Amino acid sequence: MKLINPVKLLTDARTAANCAYAPYSKYRVGAALLTADDTIFTGCNVENSSYGLTICAERVAIFSAISAGKRKFKALAIVSKGKKSPSPCGACRQVLAEFSRNIPIYFASASALKKFRCIPSADLLPESFKL
Ligand code: THU
């Protein structure tokens, strides 16, 4: 797995979190995905009054990249606003496993970007489902 300098990616994820639509949980999340050709796609969580329709920031960023024809990724950054630092949900881990090789996932709270953690995507969902 190749590490990157995550400062720009984390900063972009924090900016994306400002766009989050999270009136129910009040938990705002932003994600920034770096593609193999060094393009960055961002996403934020978008909630719905029918709660199950909510989509996480990570999947918005991944689907946005896929929709633009980008399928190879180098790194993902996730930033949340509020006390609880982010950790991708099971659904996002499975979606990431579909498209990523083993890439670094950087996590941080918006208030402490420099205190980021890094986890290899392969460790997020061992034995993910693949056809
Ligand atoms: N959420 C994300 O966007 N990403 C995560 O990694 C975890 C959870 C969102 C979904 C929902 O809008 C809110 O956070 C609370 O679960």
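The largest nonpolar core of this structure holds 17 residues. Within this core, L33, I62, F73, L76, I78, L96 and I105 touch the most other members. The model is a predicted one. Which elements give two or more residues to this core? They are β1 (28-35), α2 (57-67), β3 (73-81), α3 (90-99) and β4. Helix α2 gives the most, with four residues.

Take L96 as one member to follow. Setting aside neighbours within four places in sequence, L96 is in contact with I62, L76, I105, S121 and L124. There is also a second, separate core of twelve residues. Among its members are A75, A77, Y106 and L113.

Now look at S109. This residue lies in strand β4, which covers residues 104-109. Is S109 buried or exposed? S109 is buried, because its relative accessible area is 12%, and the limit for buried is under 20%. What does S109 touch, not counting residues up to four places away in sequence? Its contacts are V79, S80, G82, K83, K84, S85 and P86.

Finally, turn to the cysteines. A disulfide needs two cysteine sulfur atoms within 2.5 Å. By this rule the count of disulfides is zero. C92 is in no disulfide: the nearest cysteine sulfur, in C89, is 3.8 Å away. C92 counts as buried, because its relative accessibility is 2%. C118 is partly exposed, with a relative accessible area of 32%.

Key:
Residues are numbered from 1 along each chain as its sequence is written. This is a predicted model: local features need pLDDT of at least 70, side-chain atom pairs count only at pLDDT 80 or more; totals for chains, interfaces and linings use all residues. Side-chain values use heavy atoms; hydrogens and water are left out. Buried means under 20% relative accessible area, exposed over 50%, partly exposed in between (1.4 Å probe, protein chains only). Contact means heavy atoms within 4.5 Å. A nonpolar core is a set of buried Ala, Val, Leu, Ile, Met, Phe, Trp, Tyr and Cys residues joined through side-chain atoms within 4.5 Å.
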